[in-house]
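Here are my notes for you, as numbered points. Keep the model open while you read and find each piece as it comes up.

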Amino acid sequence: MYGKRSRFLTIMLSIGLAFFYIPMILLVIYSFNYSKLVPVWSGWSIRWYEKLLFDSPDVWAAVSLSLKIAFVNATFATLLGTLAALVMVRFGRFKGRTLFGGMLVAPLVMPEVITGLSLLVLFISLKEAIGWPAERGFTTITIAHITFSMAYVAVTVQARLTGVGQTLEEAAADLGAKPFKVLTAITIPQLTPALISGWLLAFTLSLDDLVIASFVTGPGANTLPILIFSRIRLGLRPDINALATIIILFVAICVAIAAILMFRQHRRDLRDQQLAAGEDA
Amino acid sequence: MADAQSAPTTPIHDQNGSEPIVQIRGVTKKFGDVTAVENVDLDIMQGELFCLLGGSGCGKSTLLRMLAGFEFPESGSINIDGVNMSDVPAFERPTNMMFQSYALFPHMSVEKNVAFGLEQDKIAKAEIEDRVHEILKLVELEDYKKRKPQQLSGGQRQRVALARSLVKEPKLLLLDEPLAALDKKLRKQTQFELANIQEQVGVTFIVVTHDQEEAMTLSTRMAVMDKGRFIQIGTPTEIYEFPETRFVADFIGSANIMPGKVTENGADHIRVATDLGEVYVDHGHTFAEGSQIWVALRPEKIYLTTSPHETAGPNQTEGMVDDIGYLGETSLYKVRLTNGEIIDVTAPNLIRPKTRTHGITWKDKVYLRWEPSSAMLLGS
Amino acid sequence: MSDTIGDTTAPSALQRLGRWAQSRWRTIIVVIPFAWLLLFFLAPFFIVAKISVAELAIASPPFTKMIEWTDGGILTIRIVFDNFIYILEDSLYVNTYINSLKISVTCTILCLLLGYPIAYGIVRSGPVAKPLLLFAIILPFWTSFLLRVYAWMGLLADQGTINNLLIAMGVIDEPIRMLYTVFAVYLGIVYTYMPFMILPLYANMEKLDGSLNEAAADLGSRPTNTFFKVTLPLTMPGIIAGSLLVFIPATGEYVIPDLLGGGNVQMIGRVLFNEFSRNTDWPVAAAVAIVLLFLLVLPIILFQYYQGKASEAS
């Protein structure tokens, strides 16, 4: 639905965007401040970047752990979330569907402290009972992340599954494809865009999580958010501004690449449409 | 009778010397670089059922939306009932619209939908109730007034939309593809209902449609639009029998169109040399001798026989049946002339054949003939 | 999973095998995510519930067992509600719950009041501006939540950008205390949760038939009236979904009250976190979590209901 945008709406949009972006922009600017006191400007400098790059092994250890967790989490969450979405959309009624659907949606809104706490007591109880997981860290954080990330993936894939409808699958079945073949040859390829965005979403969510990871981590396993949090709790720190700038830059580049790819695809679709329209004329 | 040379407008049908209810003067509307409506003039009289007919993107809907007040013209003026509408927003216009999607409010019952417009006018509750009741009776939906739009069939929704737009007794009712969402059978039936209701309430209707059959059945007068302009305005008969251009002849109904050269321009007749042989027309077209024109011949206006012509002369030719389309009430014959041209001829299946096929069949040699009045001559 | 059992009366062995294989892959697809969620999502809640009715003990883990074989081979089940009674009698806990709800309700309303016109503005934008604006709203969502909160610390601190600016302009002489106040917490929650309000609203508004607004105008309704009579009721599902997406997680929020509120704003998420990491009174912490869950269970069910309805409608 397009329409005329009133002046009020335009003003609200501008305020909204300023509200969203001004804090981030300031964060970036102050990362180039020479002063150790973040908001007191005393000239341009890149010394906090130097400190971060050459003198902060703990930061890079945390980055590496976070990326590892995010990668494994995204892959498993995409797999589990897609299966869950298939079950919800294509499998019709079965016993326990309501429970299943409920467990799939609840992590979207469940307060993190509750999820984190409950997973921690689970891991402790499991260790008591079967001796696994022996140590809390990479494995426990990853499992925790998969559990809430798969809900987001499932929602994304579910929307796409409902959107593409069942006609193509029925056509494949009509042409003699067995159900499993239909799944692999028709359904999954149709889902590719949703799978990619689901994977990226899961990756980001994992990189972003502080609370759940804080609960289920063990000694020595610091993810990047845990590390940042422990530092900024005590106040502003210029090296964190520098780290934030690098992260924002990294995200911006990824988003720009995604946008360019999407724009290209959009242009290709348009060209295809024009070509197709020309065929009819 | 139309003159092929004249501008594509016909005189206004002014029955009793009154002012037209709608006056459109030099209206142009652009969307970016695209001109949707270009310098259009139109007068519509009180009580008319006027159809805007054209393909998608011809500007008919934009014109309708400018009348409703959803779009405003770049230049030109629109007067409704003598009042200039340039600065009048949609909610203050004496017009109502029936949307193609019906645009029924999904969260309101039928009754509430119909009452919505009246409530805006701060009319007393009792009167609103009376008028809603009355209009629902007219469209035969009294028993459904408590239902939500989602609980109605397509035809019922269409009638709710009609009732909702009529209940305010607008000076002008605008209908955007009113029957497009209905299936074919229901559409045919509703065409007549719509025309009847219009006659009963006496409101001026302007209908936008892409369906020529719908336009012909409904309208007292219609305009054929293409690329933002009016190509021809007239009664359905005028448009069908006296098209002024090849576009109209081809767009409305079907026609065999071929080029020809005027060989004789008499006082009461004209002779044209074509691939069909000589065409003789006995009514008032005037084209200079030697000029290149087009001859259009409607498939149903050609006699098809298996016996040869008795005399030689104009308006006849012969060929072989190439293909037959059996349509039930009529059959369409594709006749290949000796020069290879294909001419479409339709013939009513007047009798039920004794055998399982009708008289004329594939590869038969057939003879074509038409009346001196039948061929239409087109300058462009 | 009732539909997964093969028909045993199938005539040929080969057919039976084929049918069994077919029913098995369906079962696997259901069982894997189902089992994962049962083990890692549902089961933990029962364990928390179990701990919440135990007593503190000097042991590892530090609470008494619910079911135990005592010396004489007697099965004892021990359930104590002391923890709940303790929480509900302690005005500190009760006030913290009330305070959390107050803050999250207020923030939800603020998000709605700001987010609704923003979402509507995007929907009403032209075909070029619309995806760009939507992008601009989603973009912060992809950058770190923690850093977005941190950005406000720089703005709000006593020596922060806003105070520096106001002092430089001569508006104030002394810095205004903003960081580590409840105001900062409101601001932080509204800022970080706004996209969760805007996106469902946008999705809902985008689906609305634009001709409904035109139809209302055509029937004589002024824009304001059209908004209240047509647009607002039809965007109710979006309002509810967005509000729940803000309200539920905001109630249990930990990071924002901790970083922006300092020790001055008590919210239950923070209390819970600290209870667990500093003290080791697990039974009380578990009881705090159970009470929080109890407060939020109705909104969560409501959210699931709307989510289910939305996915069925599309």
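1. Let's start with a word you'll need: two strands pair if DSSP finds at least two bridges between them. Strands (E, at least two residues) and helices (H or I, at least four residues) are DSSP runs, numbered from the N terminus. With that in hand, look at chain B, where 4 strands make an open sheet in the order 2-1-4-5, with antiparallel pairing. Strand 2 (34-44) and strand 5 (83-84) of chain B are the edges, each pairing on one side only.

2. A word on what you're looking at. This is a predicted model, so local features need pLDDT of at least 70 and side-chain atom pairs count only at pLDDT 80 or more, while totals for chains, interfaces and linings use all residues. Residues are numbered from 1 along each chain as its sequence is written, and chains are lettered from A and ligands numbered from 1 in the order in which they are written.

3. Back to that sheet in chain B. Strand 1 (residues 22-31) and strand 4 (residues 75-80) of chain B run antiparallel and are joined by 5 bridges. Contact here means that the C-beta atoms of two residues, placed from the backbone, lie within 7 Å. For angles, axes are lines fitted to C-alpha atoms (for helices over the stretch in contact), and values run from 0 to 180 degrees between N-to-C directions.

4. Chain B has another open sheet, with 5 strands in the order 15-19-16-17-18 and antiparallel pairing. Its edges are strand 15 (303-305) and strand 18 (342-348) of chain B, each pairing on one side only. On average, neighbouring strands of this sheet are turned by 45° against each other, direction ignored. Strand 17 (residues 330-337) of chain B pairs with strand 18 of chain B over 7 bridges, in the antiparallel sense. B:Leu332 has B:Thr346, in strand 18 of chain B, as its bridge partner.

5. Now the domains, whose bounds come from an automatic or database domain assignment. Chain B gets domain 1 (4-94 + 170-249) and domain 2 (254-378). The contact between them takes 6 residues from domain 1 of chain B and 8 residues from domain 2 of chain B. Chain C is divided into domain 1 (13-77) and domain 2 (90-280), with C-alpha centres 38 Å apart.

6. Which chains share the most contacts? Of the 2 pairs of chains in contact, that's A and C. Here 76 residues of chain A are in contact with 83 residues of chain C. Helix 1 of chain A gives the most to the side of chain A that touches chain C, with 14 residues. By contrast, no contact joins chain A and chain B, whose closest C-alpha atoms lie 10 Å apart.

7. Just after helix 3 of chain A, A:Gly92 takes a positive phi of about 65°.
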